[in-house]
Number of protein chains: 2
Amino acid sequence: MKRAVVDPYKVKGEVDYNKLINEFGLEKIDNKILKKIEKHAGELHFMLRRKIFFAGRDLNWVLGEYEKGNKFFLYTGVGPSGPIHLGHLLVWYFTKWLQDKFDVDLYFQFTDEEKFLYRKDLSMEDVQKWLNENMLDVIAVGFNPDKTHFIIDTKHAGILYPEAIKVAKKITFSTIKASFGFNDSTNIGSIFYTSMQTVPSFLPSVLKKKKIPCLIPHAVDQDPHFRITRDILPKLGYYKPASIQCSFLPPLEGNLGKMSSSKSNKAILTTDSPEQVKKKINKYAFSGGQPTIEEHRKKGGNPDVDVSFQYLRYLFEEDDNKLKQIEEDYRSGKLLTGELKKYTIEKINNFLKQHQERRKKAEKLIDKFILKI
Amino acid sequence: MKRAVVDPYKVKGEVDYNKLINEFGLEKIDNKILKKIEKHAGELHFMLRRKIFFAGRDLNWVLGEYEKGNKFFLYTGVGPSGPIHLGHLLVWYFTKWLQDKFDVDLYFQFTDEEKFLYRKDLSMEDVQKWLNENMLDVIAVGFNPDKTHFIIDTKHAGILYPEAIKVAKKITFSTIKASFGFNDSTNIGSIFYTSMQTVPSFLPSVLKKKKIPCLIPHAVDQDPHFRITRDILPKLGYYKPASIQCSFLPPLEGNLGKMSSSKSNKAILTTDSPEQVKKKINKYAFSGGQPTIEEHRKKGGNPDVDVSFQYLRYLFEEDDNKLKQIEEDYRSGKLLTGELKKYTIEKINNFLKQHQERRKKAEKLIDKFILKI
């Protein structure tokens, strides 16, 4: 097995999440934390029950503050460089659950300049097109429009840049090189960029002129950005942001890396038609089943590597008992790959149907979501 | 003689301007260029006659465009990190002359974040204080309020940053290292900063949606910034900015480096009282005279290294005949150091009196000068 590489600009190889916890110095989400969340939320989201959100930083602290009446705000975001796929939805639907259960504000950052700077092939016009498309998807998730604030880096540069330079003054190029795998040939915009990604984690504290705790739900590859953020914020007089981190939804072709809209046309997109979903799952979703039905009935399938099963587990089968039954039936050979795929296709299409209906109505809500400055 | 170092963050040693022309690849201002300027201005500013503005880039081109009716705009600026001294005024009063004679717009940039990022000891509050003070001095120069537009980096970040990232995408850290003497320990804000200094050279073209030539009057140490600018702008579809560059007003203690408000309290400031000017010139101004009056009468003084004489030449004695007489008399020993200093003090104080009177009335004009966005 090749060593996995995980940073914001690269996820390569088979990721060992336990190793990552040690390497990054993350805190595993234990039962104590789960109990605290359940106490306030009234339930545990299936992504927590299934350890899809598996680690974090300062979760005990941020929940403790919440109990003292010192409410946190949520901060997450996306770099608009392509269509939205299921991997994005994983974090966002969980974030919506947190927003609803804890009744908190969400600052959602669209890092348009990040993608423009990092990707040679992307023009600012391309990025602005994706920005608009991506905003529709975020709105379609169903976030509370009264408590959700879009920050668009180029549009909000007037408030972000004056704060970002305070961050930038405390970060050397050495730090950036080590964290993001940059070198002397990296452009100076990409080098500066992490300062801009840091700002939303304390911007509400600036705007409201008091220290407010921040909780960042994100996929584990973004941790290097926020490790730097955590290092800097106390020096500027703010709390370190807490985080809750998830593993990667596997790409269709199987358990390596993370789903990406830039890498292939084989990711499932939020705008896919039922026919496209059916075709993608049937044609590309890596199967844990046996080559023939006879063999499958005899030896059984392997749900651990089966992408359809993993999609049910990550996103589409909320019912634990149902999921367990499917797992057992697949492992025993009772459930065939074709049957599993058929069920998964139905679940995805049902999910996307609702998402797409909300997405259609999203355009006219954009203005309401954009942070007023 | 030690080799001189000249870049935006360091001017050290005795500067050989002819060597600098070769090293930087500048164009010497020749009679052909002077004639062109005189043709349009109706006269030649004494700083041109005396080769204080001694070099430039693309001056023939920018004057040619002007003759074709394609007017340039002027762009210069200051990093607000301390009080304004005579060295600043040199460039600004010449810039005012250009504005008046060619009847053109001036974009004046206050690079507040540059100084905050570069100087460990400066807080944002310090910089904002100096920003306000420095604006008063710029207004006191007497620029045309209808044609002069202040750009303040943190205040105008909303329009600067989205343009700066287009510049930044085309500059690698290698380039920055070589140009500014930076290294891996430099903070990422300073590394990014030159992108922000580039923007005013094409911002009017963005705002007015057509290519407009730009002429930058500046001291020669800023050339590394604008060499990068000239490299990038054609790639973004704009003209390379032209420049007209001056040598450094010597510091009081003599002909090494440039006058600086951060280095000592021995620079002459725009806010100095007549008594302070008198004391500074008498006590600190390096003299080219002889140790005793007798010796001076016999051997004569050296105006080339005499700071009082140089101040007359650079800024305060507009009359060439008068200056020539002083030079001859000093060289022959007829004019004593004390007498030269007395005359210089009078000239400076007369100049500053008028500047200070305009400065007093400047506060209420600030709003009018700040670029509307």
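Predicted model: local features only at pLDDT ≥ 70, side-chain atom pairs only at ≥ 80, totals over all residues.
Let's start inside chain A, with strand β9(A), where both faces are covered: Ala242(A), Ile244(A) and Cys246(A) sit on one side, Ser243(A) and Gln245(A) on the other, and all of them are buried.

Strand β9 of chain A covers residues 242-246, and five of its five residues are buried.

So which strands pair with β9(A)? One is β4, residues 53-57 of chain A, which runs antiparallel to β9(A) and is joined to it by four bridges. The other is β8, residues 214-219 of chain A, which pairs with β9(A) in the parallel sense over five bridges.

Now let's move to another strand, β6, residues 106-110 of chain A. Why is β6(A) described as largely enclosed by the rest of the structure? Because five of its five residues are buried. Looking at the directions, Leu106(A), Phe108(A) and Phe110(A) point one way, while Tyr107(A) and Gln109(A) point the other way.

β6(A) has parallel pairings too. With β5, residues 73-78 of chain A, it pairs in the parallel sense over five bridges, and there Val78(A) has Phe110(A) as its bridge partner. With β7, residues 148-152 of chain A, the pairing is also parallel, over five bridges. In that pairing, Tyr107(A) stands opposite His149(A). Here is another right-handed β-α-β unit for you to trace: β5(A), then helix α5, residues 86-102 of chain A, then β6(A).

Let's zoom out to the whole of chain A. How many helices and strands does it have? There are 18 helices and nine strands. Of its 373 residues, 48% count as buried. For a chain of 373 residues, a compact globule would have a radius of gyration near 21 Å, and chain A agrees, because its value is 21 Å. Along the principal axes, its C-alpha atoms fill a box of roughly 65 × 50 × 45 Å. And if you take the contacts in chain A with a separation of 6 or more, 77% of them come from residues 24 or more positions apart.

Chain A also has a partner. Between the two chains, 28 residues of chain B are in contact with 28 residues of chain A. On the chain B side, α6 (112-118), α8 (157-168), α9 (173-180) and α10 (188-198) each supply at least two residues. Which helix gives the most to that side? That is α8(B), with seven residues. By class, the side of chain B that touches chain A has 14 nonpolar, nine polar and five charged residues.

My last stop is in chain B: helix α15, residues 307-316. Ten of its ten residues are buried, so α15(B) is largely enclosed by the rest of the structure. Among the buried residues are Phe309(B), Arg313(B) and Phe316(B). And what covers them? The cover includes α5 (86-102), α13 (274-284), α16 (320-332) and α17 (337-360) of chain B.

Note on methods: Residues numbered from 1 in each chain as written. Chains lettered and ligands numbered in written order. Buried ≥ 20, exposed ≤ 12 C-beta atoms within 10 Å, placed from the backbone. Pairing = 2+ DSSP bridges. Contact = placed C-beta atoms within 7 Å. Nonpolar A, V, L, I, M, F, W, Y, C, P; charged D, E, K, R; others polar. Right-handed = clockwise from strand over helix to strand, strands pointing away. Rg over C-alpha atoms; globule rule 2.2 N^0.38 Å.
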